[in-house]
Amino acid sequence: MSIETKSGPAAIPLPSPGALQALKKLCRRFLLASLVYMLLGMGLGLLDALDLSIAPSFVHMHLELIGFVALLIFGVGYKLIPTMFGGVHGVYSKKMADAHFWLANAGMILKIGRASCRERV
């Protein structure tokens, strides 16, 4: 498949269907993880509002702001940025994108765990 230009067809390679499917799966993982963080943050916020808090209030804020918002932006970015360029560019490296997903989640969990332990001491 090629793209037509005024001077004739341009040989711009489109990503393979397998690469597009992998990108969709990656976006779904980021969005699902962000929804999980949103639900956890909402639950902790509700418990905090009812004075039944089981964690410091900053855990609720980190879950919402860093977990939900950041992962939502990452997921939407992986979906929209390639389509802004006409679907021509896929992800540079699927391994790097997967590492981004796992490192972002691990960092979020470690940040909350480390800060929670400091608060208790």
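1. A cavity here is a set of points on a 1 Å grid, over the protein atoms alone, where a 1.4 Å probe fits but cannot get out. Its volume is the space filled by probe spheres set on the points, which are joined across faces, edges and corners. The structure holds 1 cavity of 30 Å³ or more.

2. The model is predicted: local features need pLDDT of at least 70 and side-chain atom pairs pLDDT 80 or more, while totals for chains, interfaces and linings use all residues. Residues are numbered from 1 along each chain as its sequence is written, and side-chain values use heavy atoms, leaving out hydrogens and water.

3. Lining residues, which have an atom within 4 Å of a point, include Leu44, Leu47, Asp48, Pro56 and His60. By class, the lining has 5 nonpolar, 3 polar and 1 charged residues. Ala, Val, Leu, Ile, Met, Phe, Trp, Tyr, Cys and Pro count as nonpolar, Asp, Glu, Lys and Arg as charged, and the others, Gly among them, as polar. Helix α1 gives the largest share of this lining, 3 residues.

4. Helix α1 (residues 17-49) packs against helix α2 (residues 57-84) at about 160°, with the axes 8 Å apart. The two are therefore roughly antiparallel, a label for angles over 145 degrees. Helices are DSSP runs (H or I, at least four residues), numbered from the N terminus. The contact of α1 with α2 has 21 nonpolar, 7 polar and 4 charged residues.

5. There are 4 aromatic pairs in the structure, meaning rings of Phe, Tyr or Trp (its six-membered ring) with centres within 6.5 Å. The ring centres of phenylalanine 30 and phenylalanine 74 are 5.9 Å apart and the planes lie at 70°, so this pair is edge-to-face, the term for planes over 60 degrees apart.

Definitions and conventions:
Axes fitted to C-alpha atoms, helices over the stretch in contact; angles between N-to-C directions. Parallel < 35°, antiparallel > 145°, perpendicular 65-115°, else oblique. 1 Å grid on protein atoms, 1.4 Å probe; cavity = no way out; pocket = protein on both sides within 12 Å on 5 of 7 lines; lining within 4 Å. Phe/Tyr/Trp six-rings, centres within 6.5 Å; stacked < 30°, edge-to-face > 60°.
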